[in-house]
Amino acid sequence: VQLQASGGGSVQAGDSLGLSCTASGRAVTRDNMAWFRRAPGKEREFVASISWRGTTIYGDSVKGRFTISRDNTKNVMHLQMNNLKPEDTAVYYCAYSQSYSGIYGRYYLNWGQGTQVTVSS
């Protein structure tokens, strides 16, 4: 499976932005998927995950502002980001796992190339 993240860009604080992660190679209907991000000089941070059953988990810093969803008919996962803050500036990566849907990146074995999100104040 190959993952392609898209939708990043430069926005102002308070704006909204939507990211997409498209999987190719096979259907990911039974896979768990997640978003992580890495800001300059910081460690990778868990953003959100969605299990193949649709169960979602969010990182504390994005709860109430970000929404993760998936469209299995199109093999796509989305991340709707509202009320963006400068501290949301990072490269956002999507990942999938056949057996894990939690917050630790080391258990996701397949990653996309990342898309840059820049939020200015």
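Analyst: One definition comes first. A polar contact is a pair of N or O atoms within 3.5 Å; within protein, one must be able to donate a hydrogen and the other to accept it. Residues adjacent in sequence count only if both atoms are side-chain atoms. Keep in mind that this is a predicted model.

Start at Asn32. A polar atom of its side chain lies 3.3 Å from the backbone oxygen of Tyr100. Asn32 has its place in strand 4. Is Asn32 buried or exposed? Its relative accessibility is 4%, so Asn32 counts as buried; the cut-off for buried is under 20%.

Which residues does Asn32 touch, leaving out those up to four places away in sequence? Ile50, Ser51, Trp52 and Arg70 are among them. The run from Ala95 through Tyr96, Ser97, Gln98, Ser99 and Tyr100 to Ser101 is touched too, and so is Tyr108. Take Ser99 as an example of a contact across the chain. Asn32 and Ser99 are 67 residues apart in sequence, yet their C-alpha atoms are 7.1 Å apart in space.

Ser97, in strand 9, is the bridge partner of Asn32. Seven bridges hold strand 4 (residues 32-38) and strand 9 in an antiparallel pairing.

Which other strands does it pair with? Strand 11 (residues 115-120) is one partner, antiparallel over three bridges. There, Val91 stands opposite Gln116. Strand 10 (residues 110-111) is another, antiparallel over two bridges. Trp111 of strand 10 is the bridge partner of Ala95.

How many disulfides does a search of the whole structure find? The search returns one. This disulfide joins Cys21 to Cys94, with S to S at 2.2 Å. The link is right-handed, with 70° about the S-S bond. It ties distant parts of the chain together: Cys21 is in strand 3, Cys94 is in strand 9, and 73 residues separate them. Cys21 is buried at a relative accessible area of 0%. Cys94 is likewise buried, at 0%.

Strand 3 spans residues 17-24 and also contains Ser20. The Ser20 side chain makes a polar contact of 3.1 Å with the side chain of His78. Beyond four places in sequence, Ser20 touches Gln4, Ala5, Ser6, Trp35, Val76, Met77 and His78.

Asn75 lies in the loop between strand 7 (66-71) and strand 8 (76-81). It is not a glycine, yet its phi is positive, about 60°. Asn75 is buried, with a relative accessible area of 12%. Asn83 is another such case: its phi is about 50°, positive, although it is not a glycine. Asn83 sits in the loop between strand 8 and strand 9. With a relative accessible area of 43%, Asn83 is partly exposed.

Now back to Tyr100, for its ring. Searching the whole structure gives seven aromatic pairs. In the pair of Tyr100 and Tyr107, the ring centres are 4.8 Å apart and the planes lie at 55°, so the pair is tilted. Tyr100 is buried, with a relative accessible area of 19%, whereas Tyr107 is partly exposed at 40%. Tyr100 also pairs with Tyr108: the centres are 5.5 Å apart and the planes at 70°, so this pair is edge-to-face. Why edge-to-face? Planes over 60 degrees apart count that way. Both Tyr100 and Tyr108 are buried.

These rings belong to a cluster. Ring pairs link Phe36, Phe46, Tyr100, Tyr104, Tyr107, Tyr108 and Trp111. Two arginines sit over rings in it. The charged end of Arg44 is over the ring of Phe36, 5.7 Å from its centre. Arg106 lies over the face of Tyr104, 4.9 Å from the ring centre.

So where does the tour close? Trp111 is in the ring cluster, and it is also the strand 10 partner of Ala95. Ala95 is among the residues that Asn32 touches.

Key:
Residues numbered from 1 in each chain as written. Predicted model: local features only at pLDDT ≥ 70, side-chain atom pairs only at ≥ 80, totals over all residues. Heavy atoms only, no water. Helix = DSSP H or I, 4+ residues; strand = E, 2+ residues; numbered from the N terminus. Contact = heavy atoms within 4.5 Å. Phe/Tyr/Trp six-rings, centres within 6.5 Å; stacked < 30°, edge-to-face > 60°. Buried < 20%, exposed > 50% of the residue type's maximum accessible area, 1.4 Å probe, protein only. Lys NZ or Arg CZ within 6 Å of the ring centre and 35° of its normal. Pairing = 2+ DSSP bridges. Disulfide = S-S within 2.5 Å.
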